[in-house]
Number of protein chains: 2
Amino acid sequence: MQRYIRMLREGKFKITPRREAILAYFMKEGKYATPEQVWKKLRISLGRLGLPTVYRNMEEMHQLGILVKVEGAENRFYYGLCRAEDPQVHHHHIICQGCRKVQEVEGCLVGSLSKQIEAKTGFKLTGHTIYLQGLCQSCITVDGGGL
Amino acid sequence: MQRYIRMLREGKFKITPRREAILAYFMKEGKYATPEQVWKKLRISLGRLGLPTVYRNMEEMHQLGILVKVEGAENRFYYGLCRAEDPQVHHHHIICQGCRKVQEVEGCLVGSLSKQIEAKTGFKLTGHTIYLQGLCQSCITVDGGGL
DNA sequence: GCATAAATGGAAATGCTTTCCATTTATGCT
DNA sequence: AGCATAAATGGAAAGCATTTCCATTTATGC
């Protein structure tokens, strides 16, 4: 938790109860979620909580590298906590199709291949985004997906 | 063009002037575009053209593998023509940040790494999506991006 | 040609996300 | 501790990409 608080501070953001609650939510759940899902849950304990506040804060946390943002089903966006030691160090995430758990994949998948890609296509690579889907160990043993 | 027409037929879709116009648009432009962009252009030559028609057809073509669908800026979706010999054969696309040109990258970038990823994470891979961004040769020589 | 299911256009609805703005609050300074 | 101030927040309303509805038109097989 403290490291995420620190990241907020470094981004010149204030530490508010709402932000702490959002962080706590993701620390506890460990899976990806939409702003609305977070809002529905936190609204109960926080009393008053605006949906725009959740959207704003989650997007800010995404900008800071605290949350990963992925395009889920039905053109909606999901966010998940990035637990990488240093989020600045380029890496990827894999998402469990069973329980929506988010996990880091150290190292860059494209880095080692970039030369080949550039040779093949004639392009100069400037960036990439990878969405890995899979099943985490506990979901493999259960039934193989669904949620 | 004929191969895309064939793909539409195989998908039990009728060959309409609108569909042909959309295909022609992408054949000519070769870059990715939103339904609205396509609509604005084709509306002129087609006289009457409904925006929902463009959305519907582009999404259908995406389902058939004719168009690639990528999430662009500002939560909008862009489509680009897939020119791979056989779109069913798994491959990736790279998009030029300069001119939005879409190009195929043969082979799968994750295939050769999947064992490593699975070993590292404990996940069983079920799928992946890769968005490669780069600059095509002509854009490299011009200025380095922008559009 | 003709029948028919598919395609289309325009208007309206949907629904995620953002903006506006008045009020509240975290933070730095004294 | 109290204060000033810029940032954060909530609620309502707006924005806007995308989809749905439905009456009309059209491609296609016979």
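Select chains A and B together: the area buried between chain B and chain A is about 3,000 Å². Carbon and sulfur atoms give 64% of that area. Keep in mind that this is a predicted model.

**Stop 1: the protein interface**

Show contacts between the two chains. On chain B, 36 residues are in contact with 36 residues of chain A. Now look for polar pairs across the interface. The rule finds 14 residue pairs in polar contact, with both residues at pLDDT 80 or more. How many salt bridges are there between chain B and chain A? The count is 0.

Next, select the elements on the side of chain B that touches chain A. Those giving two or more residues are:

- strands β1 (67-71), β3 (92-96), β4 (102-105) and β5 (124-135) of chain B
- helices α5 (114-121) and α6 (137-142) of chain B

Which element gives the most to this side of chain B? Pick β5(B), which supplies 12 residues. Colour the side of chain B that touches chain A by class: 17 residues are nonpolar, 12 are polar and 7 are charged.

**Stop 2: the β5 pair**

**Stop 3: DNA strand C**

Select DNA strand C and the residues that surround it. There are 22 of them. The closest come from both chains: A:Tyr55, B:Thr16, B:Arg18, B:Arg48 and B:Thr53. Which parts of the DNA strand account for 75% of its atoms within 4 Å of the protein? Sugar and phosphate do.

Select the helices next. α4 (51-63) of chain A, α2 (17-29) of chain B and α4 (51-63) of chain B each supply at least two residues of the surface near DNA strand C. α4(B) gives the most, with 4 residues. By class, this surface has 8 nonpolar, 6 polar and 8 charged residues.

**Stop 4**

Notes: Residues numbered from 1 in each chain as written. Chains lettered and ligands numbered in written order. Predicted model: local features only at pLDDT ≥ 70, side-chain atom pairs only at ≥ 80, totals over all residues. Heavy atoms only, no water. Contact = heavy atoms within 4.5 Å. Buried area = accessible area lost by both parts, 1.4 Å probe. Salt bridge = Lys/Arg side-chain N within 4 Å of Asp/Glu carboxyl O. Polar contact = N/O pair within 3.5 Å; in protein donor to acceptor, adjacent residues only side chain to side chain. Nonpolar A, V, L, I, M, F, W, Y, C, P; charged D, E, K, R; others polar. Near = heavy atom within 4 Å.
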